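Student: I have a structure to study. Can we work through it in short steps?

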Amino acid sequence: MDAARRPVLPPAVAHLLGSARFAAALTLCILGAAFSTHLLRATMGWPGLLAILVALVALATLSLLARRQAIDWYGLPPITLLVFLGWTMISVFWSTTTVLSGAKVLYLLLFTALGVYLTLVRDTIQLVRGLGDVLRVLLGLSLALEVLSGVLLDLPIAFLDIQGNLTSLGPLQGVFGSRNQLGLIALIGLITFSIEFMTRSVPRMQGAFSIGLATLCVLLSGSPVTMGAFIVVGIAALALAGIRRVPSATRMYWQLGLLTVVAITALVLWLTRSRILELLNAGSEFEVRIAVWREIVRYSQMNTLQGWGWVGAWPPLEPPYIWINLATRGTQNSALSAFYDVYFQLGIVGLISFSALIGFALVRSWLLASEKRSSVYVWPALIVVALTVTSFAESTVLGEYGWMLLIVCAIKASQSMSWRDALRRHEPAPVPEE
């Protein structure tokens, strides 16, 4: 009997792992590692990065064990997330690279576990503060290394893929490997710093400096993808600010009107897509994307329903990815679109489940941001908007920090607004025993 009641962890260890300070420190480590994967790979290689991620997952698991009595598991995880992850794991069996696919699925699950931990043990404002601290350091480090490379040394830092273009005002890469990655992370930082400023979570001078730093990095990244996402996020923020100010009695009508405007805009963009692509094709970056997408559609006809199997970032020397790179005369490591990537790797089933996951996360987080009084609820909504828009031209959301942020926002929204709440409210009350 005593053995059965013996605690899982020694009391002293459980007290340490279950403390708020440990959770805060582990949160910073998780966010720092997730946003520094390129930097860690460049300095420590894959073994070092994987060792760090496995250690973080182990510590997160022990922390959850120590906190298991205080954690509310209701509404976790969203059904759409379970379906997508389940189909991803099953795809290993028909993948042309079974061993590699299995390894990539495990890699995806590592960030899934870290995202779940962050959601369970930290409130949204705590996540915003932690992410703000991490991104201030990484964006500041990126700018410092760009100054070192482009001004002081006038030489590229090859192992970090920093080209040293600061004197020509970009494009910059920072410690994130490419201008698109720097731009997206700076945009995420801009959203995060703005929420910190609005909620007065940091001193006003620090908040203003952080917003200026993120805005500068967005502009110097020279990323057309980020600039497009920046415009959409700005419009979404203005629309959300307006909706939050209207009376609750008429708010639903405003939401429906906004939805109608978005639908009409999307329809117009779709009908004029040829002209838009012609205008965008002035740059080689969009020409490459179109060529890759055409090849993906062609090869996907062989495995339309189930796809070629999950591999995440492409192995460029493995079929069918080498065929696409040869046909497009490039060395792409993704489909340059999360939706095309999911369709190619997981077929129509995977595309539907992924679209449902990101769609429910967007709708739920948007409605919460519209209804809740606190400004902190705006953060998940704008983050999902940024990730969704970027997903049309980048595959960042399918791995590492992008996937982890999507998990956090999806679960946070699901916990506060789930269809299971309606079922629970309509459950009959238990009949008392006579």
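Tutor: Start with two terms. Buried means under 20% relative accessible area, exposed over 50%, and partly exposed in between (1.4 Å probe, protein chains only). The model is predicted: local features need pLDDT of at least 70, side-chain atom pairs count only at pLDDT 80 or more, and totals for chains, interfaces and linings use all residues. Residues are numbered from 1 along each chain as its sequence is written, and side-chain values use heavy atoms, with hydrogens and water left out.

Student: Is Glu400 buried or exposed?

Tutor: Glu400 is found in helix H16. Its phi is positive, about 55°, although Glu400 is not a glycine. Most residues other than glycine have a negative phi. Because its relative accessibility is 17%, Glu400 counts as buried.

Student: Is Asp161 buried or partly exposed?

Tutor: Asp161 sits in the loop between helix H6 (124–153) and H7. Its phi is also positive, near 60°. With a relative accessible area of 37%, Asp161 is partly exposed.

Student: What is omega for the bond between Pro319 and Pro320?

Tutor: Pro320 lies in the loop between H12 and helix H13 (321–328). A cis peptide bond joins Pro319 and Pro320, with omega about 5°.

Definitions and conventions: Helices (H or I, at least four residues) and strands (E, at least two) are DSSP runs, numbered from the N terminus.
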